[in-house]
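Have a look at the fold first, then read on.

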Amino acid sequence: MADDDTPTLKVLITPQFDENGLAISLLISLTIDSPLLVKDSKLVTFPATFAGVCTEHELKASDESGELSLVFEDPEESDQSLERSWVTLRNTFGDVEIQYEVSTSSKDQFKTGGPVLGLHSEQGGLMGSGFAIIPVLPPKETYRNIVEWDLKQAPKGTRAVWTYGEGPHPVERVGPVSILRDSVYMVGRIQSNPLATTTTGNYGYYWFGSLPSNIELIKDMHRAFFANAKRFFEIDSHNKEDFDHPFFVSVPKGNCKYLAEPPLHRSFVRNTGNTKSFGGTSFGHSYIFNYDDQIDKVYKFDLIRWMTYEMTHIWLGPSVGEGIDWLYEGIKECLTFYMPFRNEGPGKYFQSTVTMLCTRYYTSPLINLPFEDVMKLADTDAYAREHVRARAWAFVFGVDLRVRQIAEEKLGTTRPIVDAPLVSLASNKPHGKVLGIKQWIKLLQPLMGNEIQRRYKEFCKGKTILLPETLYGTKAHYLKQVDEAILDFCINRESFTEGVMRGLRVGTRAEIGNLRNGEKILWSSHEWRCVDNGDATMEVVVERNGAPKRLKYLPRAFEVTKSWEMRTREKQELRAYEKLLREEEKSARQGMAKVKLVTRSSKKKETEMEKGKEKQKENEVVEE
């Protein structure tokens, strides 16, 4: 709660429309509660994510003394951030108001493979993050951040939504100014689930127009899954059943019982049309999922994985310190199959997802590269970016399976032990505490001993992570080793975003598929489908002899490697397997009984022998 001394930062957003009623830009008015800046102080900084606001003529400022003159501060030559800052030419008096207009961002952002932060138009509306419309403001620990929309000139049926509530009336959120930037803004003819939301509702799912049939299914699952995710992460402090286990003596106090901050989440869906895009970007308490005109080729399970990843990101990402991203990524990838499985998800989903993740890891061409080198390449190399998450998953999953085995054998339980390290990571993140691989290892050492350190060292060196056939905690599934071809797109992967075929290698499947260096690429399918599925083909439309020509090839090397595939036991096979387990357990018990029987018998003989010796000694004494 804010007290009376908490300064206010008010944002008034007025969408601008063209003659056809289509939203084209946002007029922003920022009012800062008495910043008390002296002459030559930096008032605002506009990062490169902004479209427009490039000169001092495009920004107006005033305070209680009238117009506030500003000067544009040129970035230094050594500054690669392209930030544009404005400084005051006099001291400020009272509240300061800043006005500027933000236009839509370039769609080139969708080509980078990174977060999409810009403001983009769709079906007459606008959607984007605060990083594209709110500048960097004078830092203070806490503001009363208020967002209000002016829709008086908007077409009938226009709605406006901010991450923390629906307008047009003021919505307040107390916290740092970063709240305004790390959030989502949407205005236009918005559709939603639920159909209507209140200003302070804690959940919403939003889109423009109509949804494709497969996303329509996800929309109906989304709210229920959010409730399940809350139950998974938000452990009630009165529910101590799992945490009364002796293992938790080693878990630092305050780490194993927690309540996450009050739940609030809004998910936004954006159709990018023929601009290639599939995936999402997470913001504070919100998420934007982007899809393109290839959405009909996406399977339901792929969308469920993205939905699960989105939910886990609420509690586990982004990281709160440098160098720990990969661990969180590995845990989130594990949860993409554990959470739906625990919440009675589709029967074959668990099997399909584990198989996909195995393909992604074991067929990577970088599987044996030291992890430090993989991380260095990740900024510029698509194979490296994919492999960071894949290897992180293999490490976490391998540790998880081993922990299950040890816990089952030594402690007679699996569930609380498996969740313990995860709970610690999730509980510390909202408080800004760095809890990474070192702390995670420390939590697991009481159970695993030095084995966890050995596994981590092998992970860093690039030694292939081998998974056990048996999956502890489920009898219906098992892992089977299979041969799969190594991932290889055979050309420079930047070709698909740059639009020109480059780096085609002789003798590869791409060359055999009739691809040629230097040809213009008019269209291409999604690479991620080929990364996740060893049988998926890459489709490309090139310009040849002045006409479009469609080609396809398998982006795999001729060399094969060992991978894993999750299989499901048939009912008859499962009964036979359960019978085998019972027999092994019975044999183990009988073995222990025989040991006990032999021990008792031996002790009886030893006692009788001792008594015989004592009696003989007594007789010898009597004879003497």
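Which residues does F395 touch, not counting those up to four places away in sequence? F395 touches W326, I437, W440, I452, R455, Y456, F459 and I465, where contact means heavy atoms within 4.5 Å. Before going further: this is a predicted model, with local features needing pLDDT of at least 70 and side-chain atom pairs counting only at pLDDT 80 or more, while totals for chains, interfaces and linings use all residues. Residues are numbered from 1 along each chain as its sequence is written, and side-chain values use heavy atoms, leaving out hydrogens and water.

**The whole chain**
- The protein chain has 14 helices and 25 strands; these are DSSP runs numbered from the N terminus, with helices being H or I of at least four residues and strands being E of at least two.
- Of its 624 residues, 50% count as buried, meaning under 20% relative accessible area, with exposed being over 50% and partly exposed in between (1.4 Å probe, protein chains only).
- The accessible surface of the chain comes to about 31,400 Å², and 50% of that belongs to carbon and sulfur atoms; the areas come from the Shrake-Rupley method with a 1.4 Å probe, and for residues only the protein chains shown count as cover.
- Take the contacts between residues at least 6 apart in sequence: 67% of them join residues at least 24 apart.

**Cores and helix 7**
- The largest nonpolar core has 94 residues, and F337, W393, F395 and L467 touch the most other members; such a core is a set of buried Ala, Val, Leu, Ile, Met, Phe, Trp, Tyr and Cys residues joined through side-chain atoms within 4.5 Å.
- Helix 7 gives this core its largest share, 15 residues.
- A second, separate core of 43 residues includes L9, I13, L43 and F72.
- Helix 7 (residues 382-410) is mostly covered, with 22 of its 29 residues buried.
- Its end C-alpha atoms are 42 Å apart, which agrees with the 42 Å its 29 residues should span at 1.5 Å a residue (the expected span is 1.5 Å times one less than the number of residues).
- At the start of helix 7, a side-chain oxygen of D381 comes to within 3.0 Å of the backbone nitrogen of Y383.

- An open sheet of 7 strands runs in the order 5-4-8-2-1-11-14 with mixed pairing; two strands pair if DSSP finds at least two bridges between them.
- Strand 5 (66-67) and strand 14 (171-175) are the edge strands, each pairing on one side only.
- Strand 1 (residues 8-17) and strand 2 (residues 23-32) are antiparallel over 9 bridges, and K10 has T31 in strand 2 as its bridge partner.
- Strand 12 (residues 159-162) sends R159 and V161 one way and A160 and W162 the other, and all are buried.
- In a regular strand, side chains alternate between the two faces of the sheet.
- Strand 12 pairs with strand 15 (residues 184-188) in the antiparallel sense over 4 bridges, with R159 bridging to G188.
- Strand 12 also forms a hairpin with strand 13, leaving 2 residues between them, and V161 stands opposite E166 in strand 13.

**Around H526**
- H526 lies in the loop between strand 22 (520-524) and helix 13 (527-532).
- H526 counts as buried because its relative accessibility is 6%.
- Leaving aside neighbours within four places in sequence, H526 is in contact with K276, S277, F278, D292, Q294 and M538.

Note on methods
A polar contact is a pair of N or O atoms within 3.5 Å; within protein, one must be able to donate a hydrogen and the other to accept it, and residues adjacent in sequence count only if both atoms are side-chain atoms.
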